[in-house]
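Please look over the chain below before reading on. The report that follows describes the overall form of the model and then a few individual residues.

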Amino acid sequence: LTFVDEIGPIFIVWSTLAGYSIALRKDEHIKMDILYSAVKSEKIKKMMDLFSYFCGMLFSGFMMVYGFKAMMMQRAMTQILEFHVWIAYLIIPFVGMILVIRYIDLMVSQFKKKEQEG
């Protein structure tokens, strides 16, 4: 039971963050589209998309930087199973970096669409 108590929550967090990255790759992440649906102009919708991607990229950048700092603070800590806690924290800066890359890719593809249409 000790194994489940210590490792189980780590796997849940890791799978959630990996799922976020996969959903973002397909541009199927959770969106609030009430305002987006009310807007008729495609130009404004693209601007809203870019703003959303930029905010997501900022959040992911903070997650990467402060996740790394949190990971470094946990270097000497271990759990009952002698599992190093910093390994559990490793996913935070890693996924932050992946998400920044994915958001940049979404922004670049948005500009490429704009050039192809215009």
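This is a predicted model: local features need pLDDT of at least 70, side-chain atom pairs count only at pLDDT 80 or more; totals for chains, interfaces and linings use all residues.

Residues are numbered from 1 along each chain as its sequence is written, and side-chain values use heavy atoms, with hydrogens and water left out.

**Overall form**

The protein contains 5 helices and 0 strands, where helices (H or I, at least four residues) and strands (E, at least two) are DSSP runs numbered from the N terminus. Its radius of gyration is 18 Å, whereas a compact globule of 118 residues would have a value near 13 Å; the radius is taken over C-alpha atoms, and the globule rule is 2.2 Å times the number of residues to the power 0.38. The C-alpha trace spans about 60 × 25 × 20 Å along its principal axes.

Of the contacts with a separation of 6 or more, 71% are between residues 24 or more positions apart, a contact being heavy atoms within 4.5 Å. Buried residues account for 29% of the 118 residues; buried means under 20% relative accessible area, exposed over 50%, and partly exposed in between, with a 1.4 Å probe and protein chains only.

| Residue | Relative accessible area | Class |
|---|---|---|
| Ser21 | 7% | buried |
| Leu24 | 1% | buried |
| Asp27 | 26% | partly exposed |

Ser21 has its place in helix H1, which covers residues 2-25. Leaving aside neighbours within four places in sequence, Ser21 is in contact with Ile98, Leu99 and Arg102, and the side chains of Ser21 and Arg102 make a polar contact at 2.9 Å. A polar contact is a pair of N or O atoms within 3.5 Å; within protein, one must be able to donate a hydrogen and the other to accept it, and residues adjacent in sequence count only if both atoms are side-chain atoms.

Leu24 also lies in helix H1. Not counting residues up to four places away in sequence, Leu24 touches His29, Leu99, Arg102, Tyr103 and Leu106. Leu24 and Leu99 are 75 residues apart along the chain, yet their C-alpha atoms are separated by 7.7 Å.

Asp27 is found in the loop between H1 and helix H2 (34-38), and although Asp27 is not a glycine, it has a positive phi of about 55°.
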